[in-house]
Amino acid sequence: MNEQVLAVQRMQDYIEAHTDEEITMADLSKTALFSPWYSYRIFKALTGITPSDYIRRLRLSRSALKLKNEKARVADIAFEMGFGSVDGYQRAFLREFGCNPKEYAKNPVPITLFIPYGVKFRELRKEETTMENVKNVFIQQLHKPARKVIIKRGKKAEDYFAYCEEVGCDVWGTLTSMDSLCGEPVCLWLTEKYRKPDTSVYVQGVEVPLDYSGVIPDGFDVIELPECDYLMFQGEPFKEEDYCEAITAVQQSMERYVPSVIGFEWDKNEPKIQLEPIGERGYIELKAIRKK
């Protein structure tokens, strides 16, 4: 992995750890180990936006989650997230999300949150995958109720990377702004019964109750999934740079597992589910089962 990628990743990590503090270009260049000018240049080249825009969008997105989940005062959030004035914060929020923060706090609607992705992951994807850092995969049976899933369909995608190329990575930001039955968005590999002609196997979505009657974002679709049992495969916690190995370990474990040992068989009519890879909890996938 080249020095420019590592430098930008260090700047991203610094921003993540100091979002509620003042962050200067001098701070970032010190972290990057390059001059301020060169640090600025490589950051924009590898992330697509300037450091100041990156910080502003991240702070606005975090403030939106606080407005939705904590019911905090707009003024308190504005100053907590480093904005110089409430008016300035309100104008920035309106430009970013198309709604006023006070209105959003009263009636949260789906908005596209800024979800930063570490630049190093694009490089790690290209590297050879080994299994030496992942030792165990834990298996647990769980039950999901009948529910709706609000999804964004792709075209031909069968995995996350192809999906992002087809529909963009902003979908996850929109889904993260919505309340979910399981507490977070999900990714699905749809079976034929849930696909439409010329649409992708792989989709991203959010699980909501069957009686959900809220806003459906433009371009999204709704499917209904029945009550179903799943086996949840969860790998060990992993370092972020080992995420490819973590995914491979879980997926190979699923391929080898024989559910008949517990009296079940794979339910090939229902989608397989993927949760966001988060290092401290381990990589997770769910596969539907039914009684033999």
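Q: Which residues form a nonpolar patch on the surface?
A: In this predicted model, Val258, Val261 and Ile262 form that patch, with about 260 Å² of accessible area together. Patches are made of residues with over 30% relative accessible area and no salt bridge, where like charges are joined within 9 Å and nonpolar side chains (Val, Leu, Ile, Met, Phe, Trp, Tyr) within 5 Å. A salt bridge is a side-chain nitrogen of Lys or Arg within 4 Å of a carboxyl oxygen of Asp or Glu, and accessible areas come from the Shrake-Rupley method with a 1.4 Å probe, with only the protein chains shown counting as cover for residues.

Q: What should I know about the numbering and the model?
A: Residues are numbered from 1 along each chain as its sequence is written, and side-chain values use heavy atoms, with hydrogens and water left out. Because the model is predicted, local features need pLDDT of at least 70 and side-chain atom pairs count only at pLDDT 80 or more, while totals for chains, interfaces and linings use all residues.

Q: OK, where does valine 261 lie?
A: Valine 261 is in the loop between helix 11 (243-256) and strand 7 (264-266); helices (H or I, at least four residues) and strands (E, at least two) are DSSP runs, numbered from the N terminus.

Q: And is valine 261 buried or exposed?
A: Valine 261 is exposed, because its relative accessible area is 63%, and exposed means over 50%, buried under 20% and partly exposed in between (1.4 Å probe, protein chains only).

Q: What about isoleucine 262, and what does it touch?
A: Isoleucine 262 sits in the loop between helix 11 and strand 7 and is partly exposed, at 36% relative accessible area. Not counting residues up to four places away in sequence, isoleucine 262 touches Gln141, Leu231 and Tyr257, where contact means heavy atoms within 4.5 Å.

Q: Switching topic, is glutamine 204 buried or exposed?
A: Glutamine 204, which belongs to strand 4 (residues 202-208), counts as buried because its relative accessibility is 2%. Leaving aside neighbours within four places in sequence, its contacts include Ile150, Tyr160, Trp172 and Cys187.

Q: Last one: at what angle do helix 1 and helix 3 pack?
A: Helix 1 (residues 3-17) and helix 3 (residues 36-47) pack at about 90°, with their axes 9 Å apart; axes are lines fitted to C-alpha atoms, for helices over the stretch in contact, and angles run from 0 to 180 degrees between N-to-C directions. Helix 1 is therefore roughly perpendicular to helix 3, since angles of 65 to 115 degrees count as roughly perpendicular, under 35 as roughly parallel, over 145 as roughly antiparallel and the rest as oblique.
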